[in-house]
Amino acid sequence: MAQSDFYTNIFDVVRLIPKGRATSYGAIAKYLGAAKSSRVVGWAMNQSHTLEDKIPAHRVVNRLGMLSGKMHFATPDSMQERLESEGLVVKKDVIQDWNTIFWDPNLELDY
DNA sequence: CTCTTGACTGGTT
DNA sequence: GAACCAGCCAAGA
């Protein structure tokens, strides 16, 4: 692979996020066995826009359900727009009912 | 090669 | 409860 396996795994998990749900950087990192490398997950998202295969990075937010990376999208509003179009409720850059929307790969997926 | 920064998180103060 | 600090890892200057 061009990128390290860690990066590939990150993108793979993000693509598996069901529509109408979202997860956090830490959850992905933890799923990959690197709970303390959440920053790298964020960095991977930053790289995602350079990839040929675009990934639903808008479904990945910080642990508070806040759209921390919205400013890195083409337009800051595109992230919220996408989430809302998928049935999520976003208010003030924060996903409402985050506890319900949260999709934990550690619970939903299995190696 | 060294230093800084960052789409994070958890623990302290 | 907001603010600050430390750890972790990759990329850019």
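1. Of the atoms of DNA strand C within 4 Å of the protein, what percentage belong to sugar or phosphate? In this predicted model, sugar or phosphate accounts for 64% of those atoms, and bases supply the rest.

2. The protein residues that surround DNA strand C are Tyr-7, Lys-36, Ser-37, Arg-39, Val-40 and Trp-43. By class, the residues of this surface divide into 3 nonpolar, 1 polar and 2 charged. Helix 3 provides the largest share of the surface, with 3 residues.

3. Helix 3 spans residues 38–48, and its buried residues are Val-41, Ala-44, Met-45 and Ser-48. Viewed down the helix axis, these buried residues fall within an arc of 100°, so they line one face of helix 3. An α-helix has 3.6 residues a turn, so residues three or four places apart point the same way.

4. The buried residues of helix 3 pack against helix 1 (5–16), helix 2 (25–31) and strand 2 (60–61).

5. Arg-39 and Trp-43 are exposed and sit on the face of helix 3 turned away from its buried side. Both Arg-39 and Trp-43 are also among the residues that surround DNA strand C.

Definitions and conventions: Residues numbered from 1 in each chain as written. Chains lettered and ligands numbered in written order. Predicted model: local features only at pLDDT ≥ 70, side-chain atom pairs only at ≥ 80, totals over all residues. Heavy atoms only, no water. Buried < 20%, exposed > 50% of the residue type's maximum accessible area, 1.4 Å probe, protein only. Helix = DSSP H or I, 4+ residues; strand = E, 2+ residues; numbered from the N terminus. Arc of directions from axis to C-beta. Contact = heavy atoms within 4.5 Å. Near = heavy atom within 4 Å. Nonpolar A, V, L, I, M, F, W, Y, C, P; charged D, E, K, R; others polar.
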